[in-house]
Amino acid sequence: MPGPLSGVIFIHNAFRNDLQRSQSDIKFWATLGDGDADLMASNFAFLHESLALHEAAEEAVLFPAVNAIEAGKADVYIQAHRQIDPLRDGLLEALQAKNADKAFDLIMELKPLMDAHLTQEESELLTWADENISFPDQGRLAGEMAGKIPPEKMGPMVPWMARLLSPADREGVMRMWAVALPEPAFAGIKKLVQGALRPEEWSDLTGRMPELAS
C-alpha cells in the first residue's frame, strides 16, 4: 500500500493540468494572435508561486531526509528544480511583457521537463520512500512539508486544486485531508472546495463521499 507521501501525486496532477491549460492558451495566443494575455499572466503567476512553494518544501524537508538515508539520492531532483526554475521565471516575464512568441518557446520547453520531473519523482522517489521510510515517518514528513506552506497561501491553493483535479483525484485528496487534518480545519477545507466547484461537480464529490453532505 502506498504511504502518506503518495499524497504528493494530487498536487502534481494539479500542476500537470494547469501547465496543460497554460500551454493550450499560449499556443492559441501565439499562433492565432487571440487570447487574454493579462489572464494568462495572472494564471501562470499563481502556478509559478505554487510550484516555488512546493519545491521549497521538498528541498527543506523531504530531500534532506532522503539524503540522510542514502547519500545523494535526492540530488537528481534538486538538479531538475534548478533546470526548471529559470524557465518558469522566464515564462512569467514573457507573459507579463505580452511576448507571445517567447512565451510559446518557453512553455514548449518547460512542460515536457516538468512532466518528466513529476513522473520521475512519482515512479522512483515515492517507490523508494515506501521501501525505506516507515509510514509514520512519511506522515511526519508530509505534515512538515504542508507546514512550510504559509496559511495565507493555502486558502487560494485549495480551490485551485479542487477545480483542476479529476473527480477521482478530488475524492482522493479530500479523503487524505479528512484523515490528516483536525475536524475544524477539514470543515474549512470542505467549505472552500464546495465554493470552488460547480454544483454538478460538488454533487459528484458528495456522491463519492456522502459524509461531505452532512
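## Cavities, core and salt bridges in a predicted helical model

Leu5, Val8, His12, Glu58, Leu62, Glu121, Leu125, Leu126 and Met145 line the largest cavity. The elements that contribute two or more residues to this lining are H1, H2 and helix H4 (100–132), and H4 gives the most, with three residues. The space in this largest cavity comes to about 60 Å³, and the structure as a whole holds four cavities of 30 Å³ or more. The coordinates belong to a predicted model, in which side-chain atom pairs count only at pLDDT 80 or more.

The largest pocket holds about 840 Å³ of space. Its lining is made up of 31 residues, of which Gly7, Ala142, Ala146, Met176 and Trp177 are the closest to its centre. At least two lining residues of the largest pocket come from each of H1, H2, helix H5 (135–147), helix H6 (151–164), helix H7 (167–180) and helix H8 (183–196).

Helix H1 covers residues 8–32, which is 25 residues, and the distance from its first C-alpha to its last is 36 Å, close to the 36 Å expected at 1.5 Å a residue. After H1 comes Gly33, which has a positive phi, near 70°.

In soluble globular proteins, nonpolar side chains tend to be buried together. The largest nonpolar core of this model has 64 residues, and those that touch the most other members are Leu91, Leu95, Leu110, Met161, Met174, Trp177 and Val193. Helix H2 (residues 37–69) gives the most to this core, with 13 residues. Trp177, which is listed among the core residues that touch the most other members, and also among the residues closest to the centre of the largest pocket, is in contact with Val158, Met161, Phe186, Ile189 and Val193 when residues up to four places away in sequence are not counted.

Val61 is found in H2 and counts as buried because its relative accessibility is 7%, under the 20% cut-off. With residues up to four places away in sequence left out, Val61 touches Leu141, Glu144, Met145 and Lys148. Val61 and Met145 are 84 residues apart in sequence, yet their C-alpha atoms are 6.1 Å apart in space; Met145 is also one of the residues that line the largest cavity. His48 likewise has its place in helix H2, and a relative accessibility of 14% means that His48 counts as buried. Leaving aside neighbours within four places in sequence, His48 is in contact with Arg88, Asp89 and Leu92.

A search of the whole structure finds 19 salt bridges, and three of them are set out below with the separation of nitrogen and oxygen.

| Salt bridge | N to O distance |
|---|---|
| Arg82 and Asp85 | 2.8 Å |
| Arg88 and Asp85 | 2.9 Å |
| Glu200 and Arg198 | 2.9 Å |

Asp85 takes part in a salt bridge with Arg82 and in another with Arg88. Arg82 and Asp85 both lie in helix H3 (residues 75–96), where three residues, about one turn of the helix, separate them; Arg88 and Asp85 are likewise three residues apart in helix H3, again about one turn of the helix.

Arg88 counts as buried because its relative accessibility is 3%.

Terms used. Residues numbered from 1 in each chain as written. Heavy atoms only, no water. Helix = DSSP H or I, 4+ residues; strand = E, 2+ residues; numbered from the N terminus. Expected span 1.5 Å × (residues − 1). Core = buried A, V, L, I, M, F, W, Y, C linked by side-chain atoms within 4.5 Å. Buried < 20%, exposed > 50% of the residue type's maximum accessible area, 1.4 Å probe, protein only. Contact = heavy atoms within 4.5 Å. Salt bridge = Lys/Arg side-chain N within 4 Å of Asp/Glu carboxyl O. 1 Å grid on protein atoms, 1.4 Å probe; cavity = no way out; pocket = protein on both sides within 12 Å on 5 of 7 lines; lining within 4 Å. Points joined across faces, edges and corners; volume = space filled by probe spheres on them.
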